[in-house]
Amino acid sequence: MQAWRVHRNGEPSEVMRLEETDRPTPGDGQVLIEVLAANINFPDALLCRGQYQVRPPLPFTPGVEICGRTADGRRVLATPALPNGGFAEYVVADEAALLPAPDVLDDAEAAALHIGYQTGWFGLHRRAHLRAGETLLVHAAAGGVGSAAVQLGKAAGATVIGVVGGPEKAKTATALGCDLVIDRRSEDIVAAVKEATGGRGADVVYDPVGGDAYAKSVKCIAFEGRVIVVGFASGVIPTPALNHALVKNYSITGLHWGLYNTKDPAAVRACHDELTRLAAQGVIKPLISERVEPAGAASAVQRVADGTSTGRIVVLPSGAAR
């Protein structure tokens with residue numbers, strides 16, 4: 001089969017190579033899956049760079065989530081077992097962790113419903129306990145992770161403020177349903193949030209960016225606000241000032257969704273049931289900005305790494321992206 005492989009760490013466009021290799025062999029409790037769509041996530045770029053919390057042995061194939069078909073014809077969502085990731089024709093995954101792909105979503109949309117939306121749901125509901133009527137501030141609101149949080153925030157009845165970089169991404173965030181969009185390149189985030197909330201600030205901040213986004217967030221957080229730390233796409237891991245959290249009475253909460261797969265898999269399945277219900281109602285729908293052929297995977301991962309993409313880019317089998 002064909003698979004994109006990484007033999008040395010570096011930028012995705014430089015280190016990903018499309019090669020012929022053997023199909024992976026399922027181990028105990030695993031199943032072979034034909035890949036119908038592989039969604040690109042920021043962790044794929046980190047894997048290429050050797051900066052992810054999991055460092056598979058070289059060479060490896062990136063691609064952390066797919067929609068695929070099992071030998072018995074089931075259409076499923078899966079997180080492939082590294083080092084044999086999803087940018088390939090076939091993967092293996094744990095049978096117990098497979099989730100049914102929602103019928104209302106096509107292969108590309110279904111592949112994008114998994115990690116980003118699970119992260120958003122657990123962050124907003126399990127960790128932040130977002131309530132209807134509260135104000136939710138979402139950084140990188142036009143991106144893959146941010147766009148999911150925007151939709152889930154609106155579904156929960158929150159007022160959603162989206163932060164983006166540039167006018168084109170602002171258009172995307174507005175179309176997603178943000179009540180207010182702030183362009184961080186031309187507007188003052190802190191002033192805009194305070195003005196929009198009558199000086200109160202945001203009740204919940206969803207931050208997959210870190211760095212300056214975090215620093216601005218804690219300057220416009222509400223009394224008893226909650227900052228959900230999801231990731232560090234900026235490349236800068238902030239150092240929270242705990243005295244500031246104390247005097248302003250806000251919480252800083254971390255979220256590593258992958259832990260739920262091992263610590264509470266029943267919660268992951270319950271979340272998927274809820275996401276499937278919301279998708280069936282048309283309340284949420286993954287934003288797919290590009291559907292690319294396998295040959296375009298490396299450059300697509302690089303665009304995600306560089307932060308120039310919106311929504312999700314999904315790699316489809318040859319001929320399926322047309």
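Residues are numbered from 1 along each chain as its sequence is written, and side-chain values use heavy atoms, with hydrogens and water left out. Because the model is predicted, local features need pLDDT of at least 70 and side-chain atom pairs count only at pLDDT 80 or more, whereas totals for chains, interfaces and linings use all residues.

**Stop 1: helix α2**

Begin by selecting residues 42-49, which form helix α2; helices here are DSSP runs of H or I with at least four residues, strands are runs of E with at least two, and both are numbered from the N terminus. Six of the eight residues of α2 are buried, so the helix is largely enclosed by the rest of the structure, where buried means under 20% relative accessible area, exposed means over 50% and partly exposed lies in between, with a 1.4 Å probe and protein chains only. Colour Phe42, Asp44, Ala45, Leu46, Leu47 and Cys48 to see these buried residues. They pack against β1, α1 (12-15), β2 (16-20), β3 and α12 (297-306), a contact being heavy atoms within 4.5 Å. After α2 comes glycine 50, with a positive phi near 75°.

**Stop 2: helix α12**

Next select α12, residues 297-306, in which seven of the 10 residues are buried, so that this helix too is largely enclosed by the rest of the structure. Its buried residues are Ala297, Ala298, Ala300, Val301, Gln302, Val304 and Ala305. Their cover includes β1, α1, β2, α2, β14 (288-292) and β15 (312-315). Just after α12, glycine 307 has a positive phi of about 75°.

**Stop 3: the second largest pocket**

Which residues lie nearest the centre of the second largest pocket? Select Ala88, Glu89, Pro294, Pro317 and Ser318, which hold that place among the 17 residues of the lining. On a 1 Å grid over the protein atoms alone, a pocket is an open set of points with protein on both sides within 12 Å along at least five of seven lines, a cavity is a set where a 1.4 Å probe fits but cannot get out, and lining residues have an atom within 4 Å of a point. The space in this pocket is about 280 Å³, the volume being that filled by probe spheres set on grid points joined across faces, edges and corners. Strands β1 (2-6) and β3 (30-39) each supply at least two residues of the lining. By type, the lining divides into 12 nonpolar, three polar and two charged residues; Ala, Val, Leu, Ile, Met, Phe, Trp, Tyr, Cys and Pro count as nonpolar, Asp, Glu, Lys and Arg as charged, and the others, Gly among them, as polar.

**Stop 4**

Now show β9 (residues 159-164) and β10 (residues 180-183), which pair in the parallel sense over four bridges, pairing requiring at least two DSSP bridges between two strands. Isoleucine 161 has leucine 180 in β10 as its bridge partner.

**Stop 5**

Most residues other than glycine have a negative phi, and most peptide bonds are trans. Select leucine 58 and proline 59, whose peptide bond is cis with omega near -10°; proline 59 lies in the loop between α2 and β4 (65-70). A cis bond also joins leucine 82 to proline 83, with omega near 20°, in this case with proline 83 in the loop between β5 and β6.

That loop, between β5 (75-78) and β6 (90-94), also holds asparagine 84, which is partly exposed with a relative accessible area of 32%. Leaving aside neighbours within four places in sequence, asparagine 84 is in contact with Pro24, Thr61 and Val91, and its C-alpha atom is separated by 7.2 Å from that of proline 62, 22 residues apart along the chain.

Move on to alanine 140, which has a positive phi of about 55° although it is not a glycine. Alanine 140 sits in the loop between β8 (135-139) and α5 (144-155) and is partly exposed, at 33% relative accessible area. Glutamate 224, also a residue other than glycine, has a positive phi near 60° and is found in strand β12 (residues 221-229).

**Stop 5: isoleucine 221**

Finish in strand β12 at isoleucine 221, which counts as buried at 4% relative accessibility. Not counting residues up to four places away in sequence, isoleucine 221 touches residues including Arg200, Asp203, Val205, Lys248 and Tyr250.
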